[in-house]
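Could you look through this chain with me, as someone new to it? I have set out my notes as numbered points.

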Amino acid sequence: MNTPSELKYTKDHEWVKIEGNVATIGITDFAQGELGDIVYVDVDTVDDDVNGGDVFGSVEAVKTVSDLFLPISGKVTEFNAALEDQPELLNTDPYGNGWIIKLEIAEGADHSELLSAEEYQAIIG
């Protein structure tokens, strides 16, 4: 299972890459493997201020739909438009071209719930 050490993770199987006050967010390799073939990604929160823990979108796979939970409070600034035509990027490149959103992190947002790669590995076994 691929869990890059430079990223942070959530118990809901999202990954977070923080650069300054911008967070890039996607789903983990474990999550895409559990979901199976992803056929659609829905994010309708672009330009919205969203609280950590809130649903910011959903991922539809052949067998199920799964909500996406925001790991950090902030303003959703960008949706990965490539996913509109190629939702399978979440399966083939979850940590690269398969990113889902970019977020402007709210001032004073709490990062303490984010997990290291080692902590996330312990959760998924």
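The points below take up the sheets, the annotated positions, a few single residues and the pockets.

1. Basis of the note. This is a predicted model, in which local features need pLDDT of at least 70 and side-chain atom pairs count only at pLDDT 80 or more, whereas totals for chains, interfaces and linings use all residues. Residues are numbered from 1 along each chain as its sequence is written, and side-chain values use heavy atoms, with hydrogens and water left out.

2. The six-stranded sheet. An open sheet is formed by 6 strands in the order S1-S2-S3-S9-S8-S5, with antiparallel pairing. Strand S1 (8–9) and strand S5 (49–50) are at its edges, where each has a single partner strand, so one side of each is left without a neighbour in the sheet. Helices (H or I, at least four residues) and strands (E, at least two) are DSSP runs numbered from the N terminus, and two strands pair if DSSP finds at least two bridges between them.

3. Strand S9 and its neighbours. Strand S3 (residues 22–27) is joined to S9 by 4 bridges and runs antiparallel to S9, while strand S8 (residues 74–79) pairs with S9 over 5 bridges, also in the antiparallel sense. Glu104 in S9 has Val22 opposite, and Lys75 stands opposite Glu104 as well. In a regular strand the side chains alternate between the two faces of the sheet. In S9 (residues 101–105), Ile101, Leu103 and Ile105 make up a covered face, and Lys102 and Glu104 an uncovered one.

4. The three-stranded sheet. A further open sheet consists of 3 strands in the order S4-S6-S7, and its pairing is antiparallel. Strand S4 (38–42) and S7 stand at the edges with a single partner strand each, so one side of each is left without a neighbour in the sheet. The twist from one strand to the next averages 25°, where axes are lines fitted to C-alpha atoms, for helices over the stretch in contact, and angles run from 0 to 180 degrees between N-to-C directions. Between S6 and S7 there are 5 bridges in the antiparallel sense, and Val59 has Ser66 in S7 as its bridge partner.

5. The annotated positions. UniProt, in an unreviewed entry, places the feature "domain: Lipoyl-binding" at residues 22–104; its positions are given in the numbering used here, feature names are shortened, and annotations may be inferred rather than shown by experiment. Over residues 22–104 the chain is 18% helix and 42% strand, with the end C-alpha atoms 5 Å apart. The unreviewed entry in UniProt also lists Lys63 for "modified residue: N6-lipoyllysine". Where is Lys63 found? Lys63 is in the loop between strand S6 (55–61) and strand S7 (65–69), and Lys63 counts as exposed because its relative accessibility is 80%. Here buried means under 20% relative accessible area, exposed over 50%, and partly exposed in between (1.4 Å probe, protein chains only).

6. Single residues to check. Most residues other than glycine have a negative phi, and most peptide bonds are trans. His13, in the loop between S1 and strand S2 (14–19), has a positive phi, near 70°. Asp47, in the loop between S4 and S5, likewise has a positive phi, near 75°, and counts as exposed at 54% relative accessibility. Ser58 belongs to strand S6 and is buried, with a relative accessible area of 15%. The C-alpha atoms of Ser58 and Val43 are separated by 6.6 Å, although the two are 15 residues apart along the chain.

7. The largest pocket. The largest pocket holds about 240 Å³ of space. Its lining has 15 residues, and the closest to its centre are Thr10, Gly53, Leu70, Pro71 and Glu113. By class, this lining has 6 nonpolar, 4 polar and 5 charged residues. Ala, Val, Leu, Ile, Met, Phe, Trp, Tyr, Cys and Pro count as nonpolar, Asp, Glu, Lys and Arg as charged, and the others, Gly among them, as polar. On a 1 Å grid over the protein atoms alone, a pocket is an open set of points with protein on both sides within 12 Å along at least five of seven lines, where a 1.4 Å probe fits, and lining residues have an atom within 4 Å of a point.

8. The second largest pocket. About 160 Å³ of space lies in this pocket, a volume being the space filled by probe spheres set on the grid points, which are joined across faces, edges and corners. Its lining includes His13, Phe30 and Ser66, and helix H1 (29–35) and S7 are the elements that give two or more residues to that lining. The residues of the lining divide into 6 nonpolar, 2 polar and 4 charged.
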